[in-house]
Amino acid sequence: MGEQPPPQSAPEKVYYDGCPGCAMDRRKEIREGVPYKELLFVGTTTFASALPITSLFPFLYFMIRDLHVAQREEDIGFYAGFLGASYMIGRGLASVFWGIIADRIGRKPVIAFSVFSVIVFNTLFGLSVKYWMAIATRFLLGALNGFLAPVKAYSIEVCRPEQQALGISIVSTAWGMGVIIGPAIGGYLAQPVKQYPHLFHEKSVFGRFPYLLPCLFISFFATLVFISCAWLPETLHRHKGLERAVEMVEGSTAQESTEPPKKSLLKNWPLMSSIITYCVFSLHDTAYVEIFSLWTVSNRKYGGLSFSSKDVGQVLTVAGASLLVYQLFAYRWVDKTFGPIHSTRISSALSIPIIAAYPFMTHLSGIRLGVPLYIAAMLKSVFAITRVTGTSLLQNNAVPQEQRGAANGIATTAMSLSKAFAPAGAGIIFSWAQKRQHAAFFPGDQMVFLLLNLTELIGLILSFKPFLAVPQQYK
């Protein structure tokens with residue numbers, strides 16, 4: 001009998017000196033624990049970038065009134081919708097560009113520039129005294145904030161495969177906390193002369209610009225985060241004359257690349273189907289945040305709760321705190337038990353009865369209103385983050401690293417366009433609903449929440465086969 005050939009050794013990875021991506025891969029091989037430092041950067045930068053998106057919603061109603069563009073009180077929602085949409089229109093037009101740039105020059109410079117744009121244009125928004133200026137600064141803030149595509153790729157690339165769900169969940173949770181605590185900051189700090197007359201004088205700068213203080217607060221935090229970006233490690237591979245990330249060799253003999261040609265992202269159905277589902281949920285979530293803020297501050301005679309912006313801020317602060325608790329103590333168990341697909345479906349289904357209950361809370365007051373309202377807001381926030389995280393995981397695992405920035409750029413563009421439609425559509429529908437308080441079919445705000453639930457139901461249906469194609473590792 002002939003001798004058996006010795007078993008072939010597993011291919012050995014070759015790392016290139018001076019390549020930040022190789023340095024990160026080498027670090028991941030050595031380190032088995034959670035990359036706390038990198039994920040802390042991910043969380044803080046994501047939080048800072050998300051804060052200005054929805055911080056205007058508690059005072060948007062009053063800002064439109066003070067800008068004197070609405071002829072009647074019932075028309076305020078119409079103008080508020082277009083102002084809320086301007087950020088998403090800007091982001092939708094530029095996100096693919098920023099994703100491609102992040103794949104070319106790296107994740108770090110795009111993330112740092114995006115945080116810098118928050119500092120500049122969020123401050124300018126607080127100084128707006130004309131409707132067109134408010135629209136323009138919000139549009140530029142969205143167009144120059146190309147943060148979301150690279151940070152999702154980054155959160156995957158700093159983690160070992162078994163930790164990727166945690167990485168994406170950090171992005172989703174920090175983003176969710178930002179879009180919830182942002183309105184809380186807006187609610188507490190807007191119109192400081194009116195809310196805190198013993199601290200702010202009417203003739204001060206905050207008397208002339210009543211919505212500047214929350215913007216300055218967010219910009220100051222973004223400045224601290226921008227400085228910390230200097231210590232943010234890069235993850236993109238940079239090899240001289242090579243397009244692939246890590247060359248595989250046997251022994252010391254270099255092998256020619258056998259990489260298959262890259263698949264077109266638009267023909268990658270696991271990616272595109274998850275993006276479409278993600279967009280439907282994003283449209284719903286953005287419309288929900290705007291409608292919730294407008295509904296709570298509108299007068300009870302129009303079906304609202306007659307809350308002040310400070311009251312709305314308190315509800316949203318508690319909802320944001322619930323996200324942090326959920327992230328620290330529950331999400332990893334949810335992902336491990338149900339996986340990204342089933343957790344998305346379950347959280348979407350459970351959101352429907354919560355939304356259906358909102359219009360009936362207008363008949364409550366005091367603690368009988370406070371308890372169910374706070375519980376509903378907390379649960380809705382938790383469910384929203386769960387399904388956003390699930391669909392983001394599906395997107396990022398449907399493509400290789402060298403296409404991840406562009407893939408997230410496409411996802412962010414599609415999501416931004418859906419989110420641009422959401423506040424404009426929500427504002428128009430809300431304004432229309434307030435004029436039909438005595439209609440026979442779903443009067444007033446009941447119609448608004450019905451349409452929200454129909455959007456949620458569409459997203460739930462799209463999370464099932466045959467529409468949703470699942471990446472190979474989740475089959």
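How much area is buried between domain 1 and domain 2, and what percentage of it do carbon and sulfur atoms give?

## Interface area

About 4600 Å² is buried between domain 1 and domain 2, and carbon and sulfur atoms give 66% of this area. Buried area here is the accessible area (1.4 Å probe) that two parts lose on being put together, summed over both.

## Basis

This is a predicted model, in which local features need pLDDT of at least 70 and side-chain atom pairs count only at pLDDT 80 or more, while totals for chains, interfaces and linings use all residues. Residues are numbered from 1 along each chain as its sequence is written, and side-chain values use heavy atoms, with hydrogens and water left out.

## Domains and their contact

The protein chain is divided into domain 1 (16–239) and domain 2 (267–474), with bounds from an automatic or database domain assignment. Their centres, taken over C-alpha atoms, are separated by 19 Å. The contact (heavy atoms within 4.5 Å) takes 54 residues from domain 1 and 51 residues from domain 2.

## Nonpolar cores

A nonpolar core is a set of buried (under 20% relative accessible area, 1.4 Å probe, protein chains only) Ala, Val, Leu, Ile, Met, Phe, Trp, Tyr and Cys residues joined through side-chain atoms within 4.5 Å. The largest has 121 residues, and I64, L83, W295, Y358 and L373 have the most contacts inside it. At least three residues of this core come from each of domain 1 and domain 2.

Leaving aside residues up to four places away in sequence, Y358 touches Y288, F292, W295, L373, A376, A377, K380 and F449. Another core, of 5 residues, lies apart from the largest one and includes A94, W98, V110 and A143.

Notes. Buried means under 20% relative accessible area, exposed over 50%, partly exposed in between (1.4 Å probe, protein chains only).
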